[in-house]
Amino acid sequence: MLVHLQGPWTPLLGRLTLQQIPFHVPILVVTFIVVAILAAMVLAATTYFGKWGYLWREWLTTVDHKKIGVMYILLGLVMLLRGFADALMIRTQQAMAVGPGSPGEMGAVHGYLTPFHLGQIFTAHGLIMVVFAATPLLVGLMNIIVPLQIGARDMAYPYLNALGLWLTTAGAALVMMSLFVGNFAHGGWYGFVPYFELPYSPGVGVDYWMWTFQLSAIGTSLGSINLIATIVKMRAPGMTWMRMPMFTWASLSTNLIALTSFPVLMVALALLGLDRYVGTHFYTAGMGGNLMLYNDLFWVWGHPEVYFLILPAFGIMSEIIPTFSEKTLFGYVTMVIASFAIGGVSWGVWLHHFFTMAAAPSVNSFYSVTTMLVGIPTGVKVFNWVFTMYRGRVRYELPMLWALLALFLLLVGGMTGMMNAFASNDYMWHNGLFVVAHFHMMVLVIAASIFGAVEYWFPKVFGFKLEQKWGKWFFWFMIIGTGWTFVPMFFLGFAGMTRRLDYIPYTQWSPYLHIMLVGMVFYVVAVLFFVAHLYVSLRDRVKNRVGADAWGTGRSLEWMTHSPVPAYNYAFIPHVNVLDEWAWRKENGLTELHPGDYEGIHMPKNTGVPLFLGMLFMGLGFALIWRIWWLALLCVALIVALIIIRSFDRDTDMTIPAHTVEQVESGARDETSVAMPTAGVRGGTVIAHSILQSGTSGISGSTTSTSPSLAPMDR
Amino acid sequence: MSASAAQKVDPAHATLWARHYAGHDMIGTRTFGFWLYMLTDAMVYAALFATLGVLSHVVNLAGGPSSSAFINPVYAYGQTITLFLSVLIYGYSMVALKNGNRGGVIGGMFVAMLLGVVYLVISGIDIGNMFAHGIFPQVSGFLSIFFTIIIYHALHIIVGVVWMLVMMIQVAREGFSANVVYRLINLRLFWHFQAVIWVFVFAFVYLQGIVA
Amino acid sequence: MTEHMQDPLNHPEVQLANGRAYLASFIISMLLMTVGLWLAVTHITTPLGTVLMISFLAGVAVIIQGYFILHMDISHAQVWHTVAMVLFLPLFVVTIGLTAWMFHGLYQRTMIMPPAASSMAHMSPMSH
């Protein structure tokens with residue numbers, strides 16, 4: 001049944017040979033050396049400081065939604081850096097390779113990257129930024145904040161939550177592996193058929209792309225089921241639908257999109273996989289295949305996916321702006337309706353990604369109109385944010401600055417999006433840089449919101465604020481970099497430049513490409529400022545300690561528990577009386593967080609099964625990419641066996657005893673105080689976070705982890 | 001500064017903390033999540049049926065046989081009977097669960113599982129016959145999606161059979177603990193959903209294939 | 001987080017099992033599928049008419065099964081299951097319907113065929 005392959009294949013190693021390791025590409029060799037040194041340093045440091053046990057108990061086996069969220073965000077940040085490195089290389093190559101006289105280095109005719117190498121870079125850039133940077137960052141934020149905002153102690157399925165994280169991580173690890181073993185797809189992140197079919201892309205690059213994509217799709221689907229069930233089933237008493245914070249509403253809407261659309265992506269990729277592995281004819285040019293079918297299925301997912309990314313960003317803005325305007329969100333009900341309207345409309349616009357397919361004019365018109373409809377709910381949101389700020393006491397702290405940047409970029413991106421909505425326009429600039437500049441504006445809305453959210457909720461998770469000085473440098477350099485990079489890109493789009501060029505024949509475009517390179521320099525400096533921002537914040541964390549209500553003007557439930565949040569979130573489940581419960585309690589002087597008379601709390605136990613499943617799925621992906629059939633079968637068998645064995649495990653839960661809860665609660669710091677002695681107080685939070693790993697044996701042995709400079713959570 | 005709805009609640013008499021909070025309904029939460037998963041699976045079928053729609057044009061036959069030339073409705077009808085019967089028997093197993101009858105649950109599930117195996121045998125014979133006549137997924141775009149849909153449905157039946165096997169052991173070992181009960185309900189959703197999907201497969205792949 | 005005290009067998013989702021409903025669903029759907037098979041085998045009406053009637057029968061069967069064996073109702077235990085399904089239904093229609101619509105136009109505009117073959121171009125499995 002299997003297809004005939006070009007090139008060598010052995011039963012033991014499949015297609016894997018030594019020639020697949022790119023020794024001859026200097027950039028990759030240097031990258032490998034740097035990565036190897038960094039990895040060795042991390043491993044050595046972990047061993048030297050004796051942190052393996054801590055890492056295993058507190059992080060790798062955790063089912064705590066906050067820690068899983070933090071790991072999602074770390075994964076997202078690492079992949080964001082990788083995607084940024086790709087962007088840097090694309091921009092450098094395009095600035096160098098202009099005109100027939102431009103020099104060529106390292107085997108390239110123009111510039112320093114061969115077309116094959118550049119192709120891999122822009123494919124990886126797109127895929128990583130969408131599914132391995134933006135998605136984990138947003139999923140991580142939702143993971144941390146949604147249960148807190150609805151007054152729950154955990155997600156609906158903590159075990160599934162960890163599984164989603166490790167599946168996504170497995171996908172990301174495979175993307176990174178493709179740098180050094182084999183190669184990556186080189187035809188663009190959303191794939192082209194029949195170009196991605198086996199006869200035209202015989203290497204493993206497309207297989208890497210396909211299976212990593214598939215893994216992240218499975219992980220995100222599992223996460224969406226979890227978040228929806230959490231929001232529907234686990235809200236605290238009194239939290240009616242119309243008392244839910246806006247971010248939770250946005251999360252619900254966005255995860256409904258993910259839940260409904262990701263299966264279609266899985267089908268699109270699986271059918272391509274069948275074509276490549278079994279030799280079916282879904283997308284082939286002949287033999288009864290239909291190559292536009294791939295575009296159809298892919299974008300049935302692809303466009304809802306865009307709103308899957310943007311809606312949490314809107315939710316973040318809807319949390320930050322009221323907090324720093326000291327006003328309730330303007331037009332709460334319209335905001336809810338708008339979130340769901342965007343989610344709904346997102347399901348009827350996908351053809352605008354391939355207007356040029358030659359569909360009937362009536363079809364193109366329909367999709368033009370639906371695309372323009374998106375502007376209405378989005379416009380409602382923009383006006384609601386503006387009216388929230390109007391006559392409020394606006395404070396320009398870092399989260400607010402990022403939210404305002406997101407608002408501004410949304411105007412630019414939204415307006416250019418409306419221009420793209422016209423099919424007639426699209427016929428002219430399809431596949432051009434104008435489209436690229438437009439969607440980069442939109443993803444920068446997401447990026448700005450994420451940075452704002454990290455600034456905003458960081459003290460909730462870690463117990464101290466990030467410092468402001470370097471953060472502001474980072475902020476302003478990001479703005480300058482954005483301007484210098486993407487304004488010229490709009491102009492180049494008008495000039496007719498298409499995307500993904502490895503060589504630019506027109507020398508008159510050279511100035512724009514050089515200006516964009518200057519923008520990239522600003523971005524690089526911004527990244528350095530970001531590192532300094534994190535470093536200084538960690539160094540001064542004692543000075544920046546905060547209490548439960550970190551910003552003083554928090555409005556929703558998450559500010560009603562201690563910072564950092566204890567493992568069980570709330571010693572007592574809050575009873576919700578109004579929208580913006582915490583703001584209401586503060587107005588009425590009901591801010592006591594220690595009702596006393598504690599009870600034992602039932603929580604899930606840690607488990608290593610999700611991590612092992614993630615590893616097995618990674619092994620399965622690797623085996624399928626290289627067509628090592630025995631390994632693939634082995635992994636499938638082990639996955640099934642592990643799932644069944646786990647289902648027989650009855651010892652999955654535990655109870656945190658009441659006296660432990662009391663200890664944690666009495667030790668928590670809820671006042672912002674620089675002078676407060678830290679040692680004993682910190683002990684309280686140590687206990688709070690350590691209960692899960694020590695299981696039934698109590699809490700005494702777990703306070704050993706006191707590395708102040710490296711521990712991400714202050715303990 | 002004021003929350004608009006806030007003033008209607010009297011702060012002096014409001015409940016602030018839910019002491020002795022019993023927690024949420026664990027079984028209901030589990031089955032809801034599994035139902036969401038089943039709906040995503042239905043979405044997979046929707047995408048596959050959309051593909052079937054696209055690849056049902058005469059050009060997609062690529063000179064290969066059209067479905068009316070090789071579909072034998074006897075096998076498909078046999079599959080319909082066995083699957084619907086299996087679903088019915090599994091339903092009776094759930095009635096036994098309601099009455100706390102452990103033997104009834106296991107016995108019903110065993111029969112349902114056997115019928116699932118019969119379904120798979122019929123399906124295997126049917127597909128084997130097609131292969132024997134040179135009708136492969138690789139022949140044309142239409143045959144690719146035709147086989148993908150029926151094999152994907154058969155894979156679900158295999159999963160269901162394995163799952164029933166596991167659940168019979170768990171019921172025998174643990175009795176009706178909360179964990180076992182929610183899994184039995186999930187399996188009910190899964191198995192009964194296969195009947196619903198089969199209606200579509202039977203009507204739009206087999207019957208319509210005969211008409212075309 | 002769980003209801004330790006309660007017997008899981010008292011859960012409403014266990015209690016909604018109903019043997020008579022399952023039997024009714026079995027009989028009715030078998031009947032409908034048999035009629036569908038009979039229509040398809042005997043070619044008693046035009047192909048389009050047969051397809052429409054089969055689609056109708058399938059729709060009825062699914063509604064019967066959805067109500068009797070999947071318990072899609074608005075009782076307290078099942079309401080969120082039903083809401084989730086109602087939310088998905090239009091998306092199934094959108095996915096299949098809009099795809100069929102756009103490719104129908106596409107085939108008309110790009111696959112020019114002899115008149116005898118073109119009648120098949122109008123067939124799509126989800127034409128209802």
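Student: What makes up residues 32-210 of chain B, helix or strand?

Tutor: That span is 84% helix and 0% strand, and its end C-alpha atoms lie 38 Å apart. Helices (H or I, at least four residues) and strands (E, at least two) are DSSP runs, numbered from the N terminus. This is a predicted model, where local features need pLDDT of at least 70, side-chain atom pairs count only at pLDDT 80 or more, and totals for chains, interfaces and linings use all residues. Residues are numbered from 1 along each chain as its sequence is written, with chains lettered from A and ligands numbered from 1 in the order in which they are written.

Student: What makes residues 50-577 of chain A a span with a name?

Tutor: An unreviewed UniProt entry annotates them as "domain: Cytochrome oxidase subunit I profile"; such annotations may be inferred rather than shown by experiment. In the model, residues 50-577 of chain A are 67% helix and 0% strand.

Student: How many residues make up the contact of chains A and C?

Tutor: Chain A gives 17 residues and chain C gives 15. Residues are in contact if their C-beta atoms, placed from the backbone, lie within 7 Å. On chain A's side, α7 (246-277) and α8 (291-325) each give two or more residues.

Note on methods. Contact = placed C-beta atoms within 7 Å.
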